[in-house]
Amino acid sequence: MQRHFDDELKELLKDILKMAALTQESIFKSTEALKSRDRAQAQEVISHDNAIDELELAIDERCIDLIARYQPMAGDLRFISTGMKINADLERIADLSVDISERVLELVDKPLLKPLIDIPKLSVIAQNMVHDSIDAFVNKNVDLAKKVVLSDPEADKLRNLVQDELINDYMSVDPKTADRAVPLLLIARHLERICDHATNIAEDVVYLVEARVVKHHPEAL
Amino acid sequence: MVKIVTSNLNLWYSGFQALKNVCVSLQEKKITAIIGPSGCGKSTLLRVFNRMNDLVEGIKMGGEVLIDGKNILDQKIDLVALRKNVGMVFQRPNPFPLSIFENVVFGLRIHGFAQSKENVYRVVEESLRSVLLWDELKDRLHESAMDLSLEQKQRLCIARLIAVKPDILLMDEPCSSLDPQATARIEELMRELKANYTIVIVTHNMQQAARISDDTGFMLLGELVEFGKTENVFTAPKDKRTEDYITGRYG
């Protein structure tokens, strides 16, 4: 049977995809701003965050409205509840991109401490994880969602590598490097947190498709 | 603890098979909801539990239905005792055109329970209290039950059942003629009654089934398609037919 509700759910999906596109653009631009030491691009990420915040509120409102009017059940209920969680994760990812951009602004007028190698690598992992988690959501692809969850330890490893290098090779040797090392250390931390949010999204996809909770239960994956 | 068990329950109305191999266990002092589209057999199943279907001409049943371990499809079963033990509430409240008091004690009288006047009054008070009507009606006991509101009439019908101390309450769309507030109050009453009675409710209102029941069964074309914990059936049904029905895609 054709349902008007399906059209409403499609509109919700469109909004979430728009949110995902804006968020992915923020991650990309914040890392590009770091690599090219581009103040304007970093500022653009910061100023665009308001639009993402507004969209987050609109999606939340749409979800609450759908729950109130349709009292969804089963797959519909899982889709809306997952959509709400993904919306919150995407908004946090956008905030972390703003955090990265703010660190870029702190660094932009100072000489580069070291060539950037691992942080751009970590950024690529983060961008891929976010992209794949959203792809898994749209296509209800549990295998892709699992792949995202399983790639999170790689991001943690890379973050630790950056952290160890900055502390042991720079800050311990010359504490005066701290004002340039700490922002890089934080950027690595922000990127790793983005990967955590992508992992959350992927775990929610498993719940959406298979009604199984794998969050906090990696053995259930 | 299991209260009602059906095994390979089949039922035919003349040539039409209304129940097909229904196998289910209903738990004691829980609320079990049976949902499904019109004509799926849910009311038929409910009526098996106190043999109400026996009144239909050309009916044939097969299989087994155990209540407290006793097969109620046995021809030798005492139907009066069964219907005292397994009471039924209908869609539209059906009080007798008698006083509120006489409605409550009606069951006592037809079952021939010899009671002292004090005991009869005690049963009336207890029964009306258990459906939360006593405070409202204690000064109007000898007024006609026909003057009550629909919700009060439905509560009175439940009190009338309770007076004869059944174990099981069958409810066939008990709120379908009530407004949302009265429905909410009957649902609260059902939650209270669950402490002492096993309740089986048939409802078209899926939100109602989701709100009040512990277990839910979904029926389609005489078959019990799915049965499980209510929270599981409504969030993650196992069968696509259940999913299609509860999400409004069926039909």
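A word on conventions. Residues are numbered from 1 along each chain as its sequence is written, while chains are lettered from A and ligands numbered from 1 in the order in which they are written. Because the model is predicted, local features need pLDDT of at least 70 and side-chain atom pairs count only at pLDDT 80 or more, whereas totals for chains, interfaces and linings use all residues.

I begin with the whole chain. Chain B has ten helices and ten strands; these are DSSP runs numbered from the N terminus, with helices (H or I) of at least four residues and strands (E) of at least two. Its radius of gyration is 18 Å, close to the 18 Å that the globule rule gives for 251 residues, so chain B is as compact as a globular protein of that length. The radius is taken over C-alpha atoms, and the rule is 2.2 Å times the number of residues to the power 0.38. Along the principal axes, the C-alpha atoms of chain B fill a box of roughly 55 × 45 × 35 Å. Of the 251 residues in chain B, 43% are buried, a term that requires 20 or more other C-beta atoms within 10 Å of the residue's own, with C-beta atoms placed from the backbone.

Next, the sheets. Two strands pair if DSSP finds at least two bridges between them. One open sheet of chain B has six strands in the order S6-S7-S8-S3-S9-S10, with mixed pairing. Its edge strands, each pairing on one side only, are S6 (86–89) and S10 (223–229) of chain B. Within this sheet, S3 (residues 31–35) and S8 (residues 198–202) of chain B run parallel and are joined by four bridges; B:Ala33 stands opposite B:Ile201 in S8(B).

Another open sheet has four strands in the order S2-S1-S4-S5 (chain B), and its pairing is antiparallel. Here the edges are S2 (16–27) and S5 (70–71) of chain B. Eight bridges join S1 (residues 2–13) of chain B to S2(B), and B:Ile4 stands opposite B:Leu26 in S2(B).

Contact here means C-beta atoms, placed from the backbone, within 7 Å. B:Phe49 is also among the residues that touch the most other members of the largest nonpolar core, which has 71 residues. Such a core is a set of buried Ala, Val, Leu, Ile, Met, Phe, Trp, Tyr and Cys residues joined through C-beta atoms within 7 Å. H6(B) gives this core its largest share, six residues.

Which residues of helix H3 (residues 100–110) of chain B are buried? They are B:Ile100, B:Asn103, B:Val104, B:Val105, B:Gly107 and B:Leu108. Their cover includes H4 (117–130), H5 (134–137) and H6 (150–162) of chain B. Just after H3(B), B:Gly112 takes a positive phi of about 70°.

Finally, the contact between the chains takes 13 residues from chain B and ten residues from chain A. On the side of chain B, the elements giving two or more residues are H8 (206–212), H9 (230–235) and H10 (240–246).

Methods: A residue is buried if 20 or more other C-beta atoms lie within 10 Å of its own, exposed if 12 or fewer, and partly exposed in between; C-beta atoms are placed from the backbone. Two residues are in contact if their C-beta atoms, placed from the backbone, lie within 7 Å.
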